[in-house]
Amino acid sequence: MTPGQADLIRHSFDAIWPVHGKIAGLFYRRFFELAPDTRRLFPSDMKTQHLKLMDMIAAIVGALDEREQFQSIISHTGRQHADFGVAPRHFDAFGESLIWSLEQQFGCAFTPELRVAWIALYDAVRTEMIRAARGAA
């Protein structure tokens, strides 16, 4: 990920934070459509889970310029998700749901450059989380 992509992500995240509950709701609706087998991994009341998702994204975005902190957050999260029973194939559905929910929120403001930046971030996160999860197994 380039410094310019990191800037795009930070600015876009600042813009979505005021509606983070809506984004989380869109995300999980799409995620459960794409990976219905994951529904069993979550509580019936998703309010807390929505906050956890957005807090984790905020932590990752906040650590974009802090390589060690970024790596630590993602590795820890990857190990936790392995313990929860998350399979590597679920990460594809997660990424697709994340990009879809951002597209829904931003509309035409979700430019090709912004899309590529978020995909680059998610690819880095997914790769490290899967690596950490395999190490925890």
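Q: Before we start, what sort of model is it, and how are residues numbered?
A: This is a predicted model, in which local features need pLDDT of at least 70, side-chain atom pairs count only at pLDDT 80 or more, and totals for chains, interfaces and linings use all residues. Residues are numbered from 1 along each chain as its sequence is written, and side-chain values use heavy atoms, with hydrogens and water left out.

Q: Where is Gln 49?
A: Gln 49 is in helix H3, residues 47–62. Helices are DSSP runs of H or I with at least four residues, numbered from the N terminus.

Q: Buried or exposed?
A: Gln 49 counts as buried because its relative accessibility is 16%. Buried means under 20% relative accessible area and exposed over 50%, with partly exposed in between (1.4 Å probe, protein chains only).

Q: Which residues of H3 are buried?
A: They are Gln 49, Leu 53, Met 54, Ile 57, Ile 60 and Val 61. Viewed down the axis of H3, these buried residues fall within an arc of 130°, so they line one face of the helix. The arc is taken from the directions of the C-beta atoms from the helix axis.

Q: And what is exposed on the other side?
A: Lys 47, Lys 52 and Gly 62 are exposed there.

Q: Back to Gln 49: which residues does it touch, leaving aside neighbours within four places in sequence?
A: Gln 49 is in contact (heavy atoms within 4.5 Å) with Tyr 28 and Phe 42. The side chains of Gln 49 and Tyr 28 are also joined by a polar contact of 3.0 Å. A polar contact is a pair of N or O atoms within 3.5 Å; within protein, one must be able to donate a hydrogen and the other to accept it, and residues adjacent in sequence count only if both atoms are side-chain atoms.

Q: What about Tyr 28 and Phe 42, how do their rings sit?
A: The ring centres of Tyr 28 and Phe 42 are 5.4 Å apart and the planes are at 70°, so this pair is edge-to-face. Rings of Phe, Tyr and Trp (its six-membered ring) pair if their centres lie within 6.5 Å; planes under 30 degrees apart are stacked, over 60 edge-to-face and the rest tilted.

Q: Where in the chain are the two?
A: Tyr 28 is in helix H2 (residues 20–34) and Phe 42 in the loop between H2 and H3, 14 residues apart.
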